[in-house]
Amino acid sequence: MGKGGNLTEGVVKKILLSYTYVAIWIFLSFTVIVYNKYILDRKLYNWPYPISLTIIHMAFCSSLAYLLVRVFKVVEPVTMTMDLYCKSVVPIGLLYAFSLWLSNSAYIYLSVSFIQMLKALMPVAVYSIGVMFKKDTFKSDTMGNMVSISIGVAIAAYGEAKFDTWGVMLQLGAVAFEATRLVMIQILLTSKGITFNPITSLYYVAPCCLVFLFIPWIFVEYPLLKDTSSFHFDWVIFGTNSFCAFALNLAVFLLVGKTSALTMNVAGVVKDWLLIAFSWSVIKDTVTPVNLVGYGLAFLGVAYYNHAKLQALKANEAQKKASQTADEEAGRLLEEREGENGAKKNESQG
């Protein structure tokens, strides 16, 4: 029992640790979304300046990432030339700036629950852009799955009680920019053997994202803030909000590093349903039966897509193992033959 008991205890400990990482990520992701909604919504904190809020986040994250990489040396920086930075990281920073700007802007016009429903289109956008840039192959069954997700989101949008066209356009734009960013990471970084974890990603991407956000801020929000003489910077609100945003990146680092990206996708689905329930019960957003039917259909499509990805990963791993085993077997046979030939040669000489 001793050895078996220790093994079981180790497995249980690993499972509990995985669930703890998932719970931390869900809590922080949940907190950041609701906190951003609270700050930006005109009926709540009433500070409708999404670019300014994103700039505060990026400045805070850039500073902390610099301390963790350069001062405390928690993670090692990636080898990066200026040419590679300008050609690979800067375009990703530009896309990230637009994605954050538009997604935060959507909170002013749409409910938290409806935004989560629209975010279900992310796999559709990533797959479509991946096919466009030839990073993914077109498959009719996968495209059929994407169509089912789109129909589900369209039904959810049709049933939305407080539909706002401008808000929907902002959120769809955010999804498009984020999907393009994810595909560009594969093209500009992963294909060159460069991988970022969430901390090094912030260290390299957040500063140029900050610069790109600063340009529209000067023309769009700075004049409005200048005229709002009653505004004073609330260090508690914006400090805790920025810390939560940074902590979320660390939670992603832990979750993906200790479990897998697929675990995060599954946890993301749980988080979305919790947010919809919270939005309906606490914030008192209207969630209609048509909303739920539409999102339920989209949810099934996303779940099937994640399942198909998992099966494809398993098949690739099995193929790699089979190839490795065949190579090892071939090497062993070659060694045996060489040994036999050597023995025969010695016998003939004797």
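Predicted model: local features only at pLDDT ≥ 70, side-chain atom pairs only at ≥ 80, totals over all residues.

Reader: Good. At what angle do helix α3 and helix α8 pack?

Author: Helix α3 covers residues 82-109 and helix α8 covers residues 198-220; they pack at an angle of about 55 degrees, and their axes are 8 Å apart.

Reader: Which residues make the contact?

Author: On the α3 side, they are Tyr85, Val89, Val90, Ile92, Gly93, Leu94, Tyr96, Ala97, Leu100 and Trp101. The α8 side supplies Tyr204, Val205, Cys208, Cys209, Phe212, Leu213 and Pro216.

Reader: How many of the residues in the contact of α3 with α8 are nonpolar, polar and charged?

Author: The contact of α3 with α8 has 16 nonpolar residues and one polar residue, with no charged ones.

Reader: α3 also packs with helix α7. What is the angle there?

Author: Helix α7, residues 165-188, packs with α3 at about 160 degrees, and the axes are 8 Å apart. The two are therefore roughly antiparallel to each other, a term used for angles over 145.

Reader: What about handedness and residue classes for α3 and α7?

Author: The crossing of α3 and α7 is left-handed. Their contact has 15 nonpolar, eight polar and three charged residues.

Reader: Let us move on to helix α5 and helix α6. How do their axes cross?

Author: The axes of α5 (residues 122-132) and α6 (residues 140-158) come within 9 Å and cross at roughly 145 degrees. α5 passes α6 in a left-handed crossing.

Reader: Who is in contact there?

Author: α5 contributes Pro123, Val124 and Tyr127, while α6 contributes Thr142, Met143, Met146, Ile149 and Ser150. By class, these residues are six nonpolar and two polar, with no charged ones.

Reader: Now the pocket. What volume does the second largest pocket have?

Author: Its volume is about 330 Å³.

Reader: How many residues line the second largest pocket, and which lie nearest its centre?

Author: The second largest pocket is lined by 15 residues, and Lys37, Asp41, Lys43, Lys162 and Asp285 lie nearest its centre.

Reader: And the classes across that whole lining?

Author: The lining of the second largest pocket comprises eight charged, five nonpolar and two polar residues.

Definitions and conventions. Residues numbered from 1 in each chain as written. Heavy atoms only, no water. 1 Å grid on protein atoms, 1.4 Å probe; cavity = no way out; pocket = protein on both sides within 12 Å on 5 of 7 lines; lining within 4 Å. Points joined across faces, edges and corners; volume = space filled by probe spheres on them. Nonpolar A, V, L, I, M, F, W, Y, C, P; charged D, E, K, R; others polar. Axes fitted to C-alpha atoms, helices over the stretch in contact; angles between N-to-C directions. Helix = DSSP H or I, 4+ residues; strand = E, 2+ residues; numbered from the N terminus. Contact = heavy atoms within 4.5 Å. Left-handed = near helix turned anticlockwise from the far one by under 90°. Parallel < 35°, antiparallel > 145°, perpendicular 65-115°, else oblique.
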